[in-house]
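Subject: Handover of a structural model

Dear colleague,

Please find below the structure that I am handing over to you.

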Amino acid sequence: MIEYVHEKVDDVVNEITPILEEHWEEVAVNKEVIKLNPDFNAYRTLETAGNLALFTARDEGVLVGYFVVIANYNPHYKDHIFAINDVIYLKPEYRGTMVGSELISYAEKRLKEAGTSVLVINTKTHIPFDSVLSRLGYTHVENTYSKVLKEEI
């Protein structure tokens with residue numbers, strides 16, 4: 001049975017690390033320059049300040065997906081809290097099921113209860129899940145471009 005949980009960084013840090021590596025291998029671009037190196041202390045600081053939420057999907061207690069958002073007031077819209085996803089991942093064997101949609105819906109509910117006005121989800125263009133987001137009522141509002149400026153670490 002799948003369970004959706006709002007968890008703390010310290011409760012999942014050991015369990016999430018190998019999955020983050022799988023996630024990075026699958027979706028990262030510019031791997032030769034940008035290496036995976038999570039700053040869990042920064043995540044803890046954001047969490048303590050009330051600006052980070054970590055939602056998980058667990059199957060019989062085993063972590064199978066996560067959705068992390070950073071939330072804050074937006075300088076353009078000081079009356080509103082915007083939550084922007086940091087990472088979202090679902091193990092491949094759970095894709096094509098409702099687990100991803102239900103994880104996002106669970107996060108939406110919890111974020112709304114916390115006073116969030118807008119949830120922004122960024123996706124990778126080479127691994128899109130636009131149809132899932134459209135079905136959940138999301139609108140395509142921006143495109144993002146990136147360019148590596150630092151050629152070596």
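In this predicted model, an open sheet is built from 5 strands in the order β1-β2-β3-β4-β5, with mixed pairing. Strands (E, at least two residues) and helices (H or I, at least four) are DSSP runs numbered from the N terminus, and two strands pair if DSSP finds at least two bridges between them. Because β1 (2–7) and β5 (116–120) each have a single partner strand, they stand at the edges, and one side of each is left without a neighbour in the sheet. On average, neighbouring strands of this sheet are turned by 25° against each other, direction ignored.

Two conventions apply throughout. Residues are numbered from 1 along each chain as its sequence is written, and side-chain values use heavy atoms, with hydrogens and water left out. As the model is predicted, local features need pLDDT of at least 70 and side-chain atom pairs count only at pLDDT 80 or more, whereas totals for chains, interfaces and linings use all residues.

The strand β2 (residues 52–59) runs antiparallel to β1 and is joined to it by 6 bridges. E7 stands opposite L54 in β2, and V5 has T56 as its bridge partner there. Towards β3, β2 is joined by 8 bridges, again antiparallel, with D59 opposite V62. These two strands form a hairpin with 2 residues between them. E60, in the loop between β2 and β3, has a positive phi of about 55° although it is not a glycine. At 63% relative accessibility, E60 counts as exposed (over 50% relative accessible area; buried is under 20% and partly exposed in between, with a 1.4 Å probe and protein chains only).

The angles run from 0 to 180 degrees between N-to-C directions, the axes being lines fitted to C-alpha atoms, for helices over the stretch in contact (heavy atoms within 4.5 Å).

E26 lies in helix α1 and is partly exposed, with a relative accessible area of 29%. Leaving aside neighbours within four places in sequence, E26 is in contact with Y89, P92, R95, H126 and I127. E26 and I127 are 101 residues apart in sequence but 9.0 Å apart in space, C-alpha to C-alpha. In the loop between α1 and α2 lies N30, which has a positive phi of about 60° although it is not a glycine.

Yours sincerely,

A colleague
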